[in-house]
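Welcome! Please take a moment to look at the sequence and the 3D structure, and then read along with the notes that follow.

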Amino acid sequence: MYSEKVMDHFEHPRNVGEIENASGVGTVGNAKCGDIMRIYLDIDESRIIRDVKFKTFGCGAAVATSSMATELVKGKSIQEAMQVTNKAVMEALDGLPPVKVHCSLLAEEAIHAALWDYAEKHGIKIEGLEKPKSDIHEDEEAEEEEY
Amino acid sequence: MEKLIYLDNAATTRTAPEVVEAMLPYFTENYGNPSSVYSFASQNKNAVNMQREIIADALGAKSNEIYFTAGGSEADNWALKAAAEAYGEKGNHIITTKIEHHAILHTCEYLEKRGFEVTYLDVDEEGVVKLQDLEAAIRPTTILISVMYANNEIGTLQPMKEIGEIALAHGILFHTDAVQAFGQVPIHVDEYHIDMLSASGHKLNGPKGIGFLYIRKGVKIRSFVHGGAQERKRRAGTENVPGIIGLGTAVRRALKTMKTRTEKEKKLRDYLIDRVLAEIPYCRLNGHRTKRLPNNANFSFQFIEGESLLIRLDMKGICGSSGSACTSGSLDPSHVLLAIGLPHEIAHGSLRLTLGEDTTKEEMDYVVEALKEIVSGLRNMSPLYEDFIRKNNRQTYFMKG
């Protein structure tokens with residue numbers, strides 16, 4: 001069902017973890033649908049992404065797309081990172097099954113959400129970047145009430 | 001991957017070698033059409049009827065009450081659609097449960113579009129139908145109660161006898177989908193007042209593509225497939241002779257081994273459950289602790305997602321299944337896990353392991369060790385677990401081991 005590249009990134013995910021005092025953190029998706037991605041960015045003064053880490057709750061494709069997305073943005077400038085679309089992630093993974101395409105969208109959104117967080121913290125505007133659509137925190141709190 | 005550890009026997013089972021052996025002559029040697037007159041073919045009619053008797057005996061039924069079908073889903077479709085049609089004048093109300101197999105649920109939806117009303121009963125948190133809810137749901141127009149014998153995901157066994165008594169007292173037909181239960185637990189159609197029962201061959205080490213519907217004598221039921229006179233004109237089409245022979249052989253075998261097999265499976269199942277619950281934190285057993293199929297274990301592991309878990313298990317040669325959305329091709333996790341009250345994210349992290357006759361204790365140990373490593377690995381990359389740890393181990397929905 002998955003390409004070899006997807007399986008490789010699932011089996012050996014790159015850049016898993018957290019970054020203390022990250023320049024930007026973005027979390028997208030929600031637990032209800034079974035996918036949550038969190039991206040940590042370490043961006044230096046010349047606005048180059050020096051380091052990137054991720055954590056993902058989700059299926060094989062969700063893990064692989066997060067892993068690939070972190071590889072694609074690492075060492076890149078912010079503007080270059082903005083070019084990392086879901087299509088780019090999918091192509092780098094040699095494709096995804098149709099039902100898993102949303103995972104690649106989530107990976108793109110996670111990068112954007114982390115960049116948005118960075119931009120807000122630094123009071124800058126990144127061209128072409130919009131406020132992330134999904135923020136899980138409100139949902140999450142509401143759901144925990146039901147426990 | 002050195003060795004395959006097959007723990008998905010609720011999905012399908014290995015066809016027993018002696019079952020295959022019994023079937024083989026009916027492809028190349030005894031290939032005659034049972035409806036033909038000459039003795040070469042008509043002996044196949046006897047062979048088919050012998051299997052019918054074996055199955056009837058297994059249920060405490062009569063052989064002319066067993067109708068062969070292409071499997072469990074067909075039997076479920078037939079029972080519901082034909083009963084709705086035959087009893088449509090009496091009423092238009094059907095009672096079933098929220099945890100049925102899709103062969104029942106989607107057939108009910110189909111009937112709803114055609115003017116029938118369906119009550120989907122809730123179950124308790126262990127997956128058991130509440131009898132007072134069933135009583136309360138009965139209307140003068142209720143024509144059918146359909147409750148599965150045992151649930152395919154969480155293994156919970158339903159109070160068949162009590163449900164049968166309620167149906168009988170109200171003069172309502174009682175159908176049960178026994179696809180998972182047949183061959184695993186003793187079933188007696190008279191004792192439980194069952195009017196119709198669906199079962200399938202490949203869940204009990206028989207072949208795929210064959211099953212049957214038991215229809216109590218006297219129950220009005222329409223033909224499902226029109227054509228020839230096979231199956232007392234109710235299900236036309238040349239008999240799947242090798243399949244029927246395979247089914248009968250598998251049933252005879254399953255009954256003979258039931259006691260020792262299920263006792264062994266229960267022991268291993270309990271060993272697996274006890275170890276997993278004791279050794280893996282933030283995990284729970286889904287379904288009833290004791291009123292469950294002897295071979296079924298269903299867990300939820302908090303903070304992780306089922307498909308990831310399945311792929312990692314597969315890398316270690318272990319076959320299981322999950323109720324996560326990703327494995328069902330939809331956005332929602334299993335309807336059964338939601339019906340027992342699990343929040344979505346807990347339902348996404350479910351794992352069903354169903355043992356078989358060949359399962360060993362060594363395999364259970366291997367699976368527990370693999371699970372410990374995999375669950376911990378997936379949690380380490382889960383943002384949900386990260387948040388949880390940050391919130392300093394506050395009380396959660398999960399029981400503490």
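Below is a short tour of some sheets, helices and contacts. Keep in mind that this is a predicted model.

**The sheet in chain A**

Let's begin with chain A. Three strands form an open sheet there, in the order E1-E2-E3, and their pairing is antiparallel. Which strands sit at the edges? They are strand E1 (24–30) and strand E3 (49–57) of chain A, each of which pairs on one side only. From one strand to the next, the twist averages 10 degrees.

As a bit of background, strands of a sheet pair through backbone hydrogen bonds, either parallel or antiparallel. In chain A, E1(A) pairs with strand E2 (residues 35–43) in the antiparallel sense over seven bridges. To find this pairing on your screen, look for A:Gly29, which stands opposite A:Ile36 in E2(A).

Two helices lie across this sheet's strands. Helix H5 (residues 101–122) of chain A lies across E1 and E2 of chain A, and runs at about 145 degrees to E1(A).

**Where the two chains touch**

How many residues of chain A are in contact with chain B? There are 23 residues of chain A in contact with 24 residues of chain B. On the chain A side, helix H1 (4–11), E2, E3 and helix H2 (60–73) each supply at least two residues. E3(A) gives the most to this side, with three residues. By class, the chain A side divides into eleven nonpolar, five polar and seven charged residues.

**Parallel strands in chain B**

Now move over to chain B. Strand E5 (residues 142–146) of chain B is mostly covered, with five of its five residues buried. E5(B) has parallel pairings with two strands, E3(B) and E6(B). The table sets them out.

| Strand pair | Sense | Bridges | Residues paired |
|---|---|---|---|
| E5(B) and E6(B) (residues 173–177) | parallel | three bridges | B:Ile145 and B:Phe174 |

**Helices in chain B**

Is helix H9 (residues 306–315) of chain B mostly covered or mostly uncovered? H9(B) is mostly covered, as seven of its ten residues are buried. Among them are B:Leu309, B:Leu310 and B:Leu313, and the buried residues also include B:Glu307 and B:Arg312. After H9(B) comes B:Gly317, whose phi is positive, near 80 degrees.

Finally, look at a helix pair. Helix H8 (residues 241–279) and helix H13 (residues 361–380) of chain B pack at an angle of about 20 degrees, and their axes are 10 Å apart. That angle makes H8(B) roughly parallel to H13(B), because angles under 35 degrees count as roughly parallel. H8(B) passes H13(B) in a right-handed crossing.

Which residues meet in this pair? From H8(B) come B:Leu268, B:Tyr271, B:Leu272, B:Arg275, B:Val276 and B:Glu279, which meet B:Lys361, B:Met364, B:Val367, B:Val368, B:Leu371 and B:Lys372 in H13(B). Sorted by class, this contact has eight nonpolar, no polar and four charged residues.

Note on methods. Residues numbered from 1 in each chain as written. Chains lettered and ligands numbered in written order. Predicted model: local features only at pLDDT ≥ 70, side-chain atom pairs only at ≥ 80, totals over all residues. Axes fitted to C-alpha atoms, helices over the stretch in contact; angles between N-to-C directions. Helix = DSSP H or I, 4+ residues; strand = E, 2+ residues; numbered from the N terminus. Parallel < 35°, antiparallel > 145°, perpendicular 65-115°, else oblique. Left-handed = near helix turned anticlockwise from the far one by under 90°. Contact = placed C-beta atoms within 7 Å. Nonpolar A, V, L, I, M, F, W, Y, C, P; charged D, E, K, R; others polar. Pairing = 2+ DSSP bridges. Buried ≥ 20, exposed ≤ 12 C-beta atoms within 10 Å, placed from the backbone.
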